[in-house]
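This briefing works through a two-chain model topic by topic. Please keep the sequence and the coordinates open while reading.

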Amino acid sequence: MAALSNLKQCPPFSTLPDLALRHNHIPELERYPQINLNSELLANPAGQRFYGGQSFVPVDESVLKRITRTFFDGGFWESLEEARSPKSREQAPLIAQAGDLIARLLGLATGLKLRIFPHTQELSAERIAQFVETRDWLNSDVRFLAWNCHFFNLAVAGVDDVVRIYYKNSNAATATVLKSPTQTQITCMAWRPLCSTEIVIGCRQGLCFWEVDNSLHLGRTNAPSKVFKHPANLPVTSLQWNKDGTQLATASIGDRSIIIWQPDNGLMQPLKRLGPPGSLLKWSPDNDWLFAATVDRVFRVWNCNQQWTTERWVCGPGGHVQTACWSPCGRFLLFVSSTEPILYRLQFVQQSLLSSSADEKEILPIADLNACSIDANRTLIGGPAQQLAWDPHGNYLVITFKSTNCIAVFRTFIQKFDLQISAAYYLSGETAAEHPSFICFQPLYKDNDRSVLTIAWSSGRIQYYAFD
Amino acid sequence: MSASSSSNACKLLLLGRCLRAVLLSVAIQFLLLTVFLLSVNFQLLHPLSWVTGTLRLVASWYTWFASIPLVASVVLYGVSLCQQHLSERPYCPTRYRWLLHYGPRKLLLLGAHLLVGFLTAWLYTGYLHTDYQHLRYKCYGQECISAYHVYLLGMGITAGCYYFVSVHMRQEVSIEFPIVEQTRGEKLRELLYASLARSLVRSLLPTLSYTLVFWLFGPLICHRLSHILSVDLDERLEGFFGVATNVRLLFYGYLLTVQILSNMHLMRCFYGMVLSEDLPLVVSKQRAAFAHEQEVTMVAGLGVFNVYVVQCLAANYFYKLALRKDSPQRAEIFQLTEPGNRPANWRTLCDQCLSILGSFTEELTESMQKISVLNGAQSLPMPKISESITTSFMAEKLLMRQYNQMHGIRPIVSPRREDAVDRPADGIRHVPNWCERVSKQLEQSLQRLAQRVPGIVYLFEEPEGAKTTFLLANSLPVVYLTQALAQICVASLKEDPYGVVQNDLPAIIKAINKLRNELEKLSSVIGNIKVPSSNFNVLRCAVRRSLYAICNSFCDYLGDILPPGEELRQLQALVCQE
């Protein structure tokens, strides 16, 4: 079993002034967009966003009129809040008392409902942060990164609920901005395969589909082309397109079923199974399998060939599957639990002709991720893993951790029936406090077949690292 | 096998499936009856006797005999649904032609809906309290007509009628393929839960509306019925409060509506479910002596133009086959014949697909020429040239006019008469003789008169974009076909050992690109015509994706595949945009 203790130090690639001396330097990286989301957020903070209401001067209204207006503006709950506000209490105490009574009755009813159906409680941002792959999702400047499958387009979702699309040689000023009131608390994104301009964003409101046209370079687009809400009005926490872009699988940490959407005609089909709500979805590269983790120990692997069938698995003691990734060949799945610092492997290879398909799969621990010190300063690396990323060539596996700040890189050797893994080196940020928030590999394009790791650091800086 | 024999073989196969759907529909009647009885006989304190009593009632001789009429009506319903699915769907340009062709079929279906609704209500009332059970009852020693019973029977008929109007009246029955293939048991379970849950909400409006109508006209109907049956009138449901305060009756009415709507929805879905199952098609026929005579090839299935369902199933089969990597059927497409070494499988398949794609595109182009907004944008009259205006002003004016035409914005002032009349190019004014003039005026005035008669235009004139709407509503085979063809082309890079596909690549790319261009044109005016947007979106996205998939895979060879020109430039721009 591989262990972190054998990791070697990688040259501090980002600090060397001379490009030629940098370990991973390739000329193409110079054309990659230089992104520092922190400085962009400081320049355009969310607080400075324009909302129509700011330009209007408030007027004096009677209490009833105000409550009625609030009802039509913001709905029942807001009008109830308005009825109980100090201003209403001062002007019409009877109405405020009636509002208190109604609120108390509704509170009792809601409490009773939550006791019977505990899973129907509203999902807080803290709870979402617990299950997404991004480290410190609540406060991280970068919440998600998504590379276009066919062109050099990088979508960066920020903490300000804005998605910026960067192109080659672009910068903050020329990036396309996708922003909408129906797109808050972004948890996941994906570019649609076989469609160069469509991106879907998973957020609290559901799914926002955007058509990103080159003509949008100059200004901001006005609205998403489509918005799909989760049937139970829940936030979408994970989404994945199938390889031909016809089906979109989504999961929500408040819903037990996985939903398979056909966005072109707006149809969807829930895949219902008893058990805890889903948290993470990963479609195998050739779409034969769909890995679906839940918020509990249970996870499922769906066989998507012909009729969809599922196999139920349970991971180690306590916790849930924190992150998972498929090998580029689609024969191996690696995953880690949120509590155990061990990397597991699930194999989908028929080892002998006579064995039945059910017997083939077994879970094997392949790497020990227990924390260990890596230098004289006793800098630690390891512990429970945060995110996994496998390079498109299948030669490197990159792991980030929940509590330590360095990134571990393993070398992988994929054989027909076996997978070998060995510790390679580690990467660290510019400062000791800087930790990776999100990592992903750039897909291989026609003009670039090198594996490029994209790292979003906690400082808002985005860094590219090219592997051999 | 000829086209007609393939069509007959497929129809026979589908008839067998329809029979299965009818059996399922009959079985579901007893399940729904059990649910109804469990709801109306609910006993909180004696759950065991509640369940056993209900089951005993369902299994009783009375139920078996009383349900015979309902079962017969369900069979009739199934037959009419089967006819809707398997009959030919020609395009009817005017509403009159539509009425002539589809009217009798729709009437039969309406009759089946009313019958199922009425008989369900009749059967279910038999299990209710004696007040609701019979049309006549004893009140104060005299025979009276039961208003409760009339209300419930009317509720059944209304529910049937409501379902027909909301689902079947305008739309043709369509086949829907499941997004995810699941086992039949899972499908049935999902369908049952979803139908019952959906009907609980959907039944509220018809129940309330019917109750309102019954409050207004119920006494009149009861009065008429009492006259016919020579019995006394029931006064229990007279007045608003008589109806509104009878909670039990309203509950029974609501429950009945839920049952009938679920029943009809389930029957419709059963047909969709069994018909959308894969057809046992083959890529090429076995030449061996023991080969099955009745087997239908995929190409023959695609050529069954008179049964839309068969064409959809064949196209879906082709699409699934194209997606299945390393499958022997997909490899069969690229194989050569033995002896002869000819790519017969690919040849017939490619020709059939290109012919379907080409004819669809042609029909679409032709139909789009009748859309005035699109047509007008192409044949815009040039603005009048005067010496005082500049070229840029002219260009701006022309662009503005194009924009207005494209978005259906009409000019505030109607064009002047002399502008509309085409003047002869030679400048010589041809003066018609008085006879021609009079006959022309007479003809115009007759046309104007005919158009003023109410209903003439509505019945006998083709609505704008009707053909386009029809084509898009029946475009499912083209959706699957395009994607399947693209997948096969992409797979041919690795799997086609003899290069049988590469000769046809230019034709395939051109056909798909032509369709894409037409759909792009249509997208600018799609809001102006009554096209179901989902059908258009599905087709447009499928065509775009397919073209992208082919061009992306053959990106390096596009210059060799296509001759230099606008088309090549377009496609290179599609895959190389950055």
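In chain B, 78% of the contacts with a separation of 6 or more are between residues 24 or more positions apart, where two residues are in contact if their C-beta atoms, placed from the backbone, lie within 7 Å. This is a predicted model, in which local features need pLDDT of at least 70 and side-chain atom pairs count only at pLDDT 80 or more, while totals for chains, interfaces and linings use all residues. Residues are numbered from 1 along each chain as its sequence is written, and chains are lettered from A and ligands numbered from 1 in the order in which they are written.

**Confidence**

- The model scores ipTM 0.83 and pTM 0.84.
- Chain B has a mean pLDDT of 85, with 89% of its residues at 70 or more; pLDDT is the predictor's confidence in each residue, from 0 to 100.
- Over residues 417-422 of chain B pLDDT stays under 50, and the model has 1 contact beyond four places in sequence for them.
- Where pLDDT is low, the predicted coordinates should not be read in detail.

**Chain B: helices and burial**

- Chain B has 26 helices and 4 strands, helices (H or I, at least four residues) and strands (E, at least two) being DSSP runs numbered from the N terminus.
- Of the 578 residues in chain B, 34% are buried; a residue is buried if 20 or more other C-beta atoms lie within 10 Å of its own, exposed if 12 or fewer, and partly exposed in between, with C-beta atoms placed from the backbone.
- An unreviewed UniProt entry lists several spans of chain B as "transmembrane region", including residues 107-125 and 145-165; UniProt positions are given in the numbering used here, feature names are shortened, and annotations may be inferred rather than shown by experiment.
- In the model, residues 107-125 of chain B are 100% helix and 0% strand, with end C-alpha atoms 27 Å apart, whereas residues 145-165 of chain B are 90% helix and 5% strand, with end C-alpha atoms 30 Å apart.

**A buried position in chain B**

- Ile488(B) sits in helix 22 (residues 476-495) of chain B, and it counts as buried because 25 other C-beta atoms lie within 10 Å.
- Beyond its neighbours within four places in sequence, Ile488(B) is in contact with Ala322(B), Ile333(B) and Val501(B).
- The C-alpha atoms of Ile488(B) and Phe318(B) are separated by 9.6 Å, although the two residues are 170 residues apart along the chain.

**Chain A: domains and strand pairing**

- Chain A is assigned domain 1 (1-31 + 320-468), domain 2 (59-120) and domain 3 (122-314), with bounds that come from an automatic or database domain assignment.
- The C-alpha centres of domain 2 and domain 3 of chain A lie 35 Å apart.
- An open sheet of 4 strands in chain A has the order 3-32-31-30 with antiparallel pairing, two strands being paired if DSSP finds at least two bridges between them.
- Strand 3 (35-36) and strand 30 (436-441) of chain A are at the edges with a single partner strand each, so one side of each has no neighbour in the sheet.
- Strand 30 of chain A is joined to strand 31 (residues 452-457) of chain A by 5 bridges, and Phe441(A) has Leu453(A) as its bridge partner in strand 31 of chain A.

**Contact between the chains**

- Chain A gives 24 residues to the contact and chain B gives 19 residues.
- On the side of chain A that touches chain B, strand 15 of chain A supplies the largest share, 3 residues.
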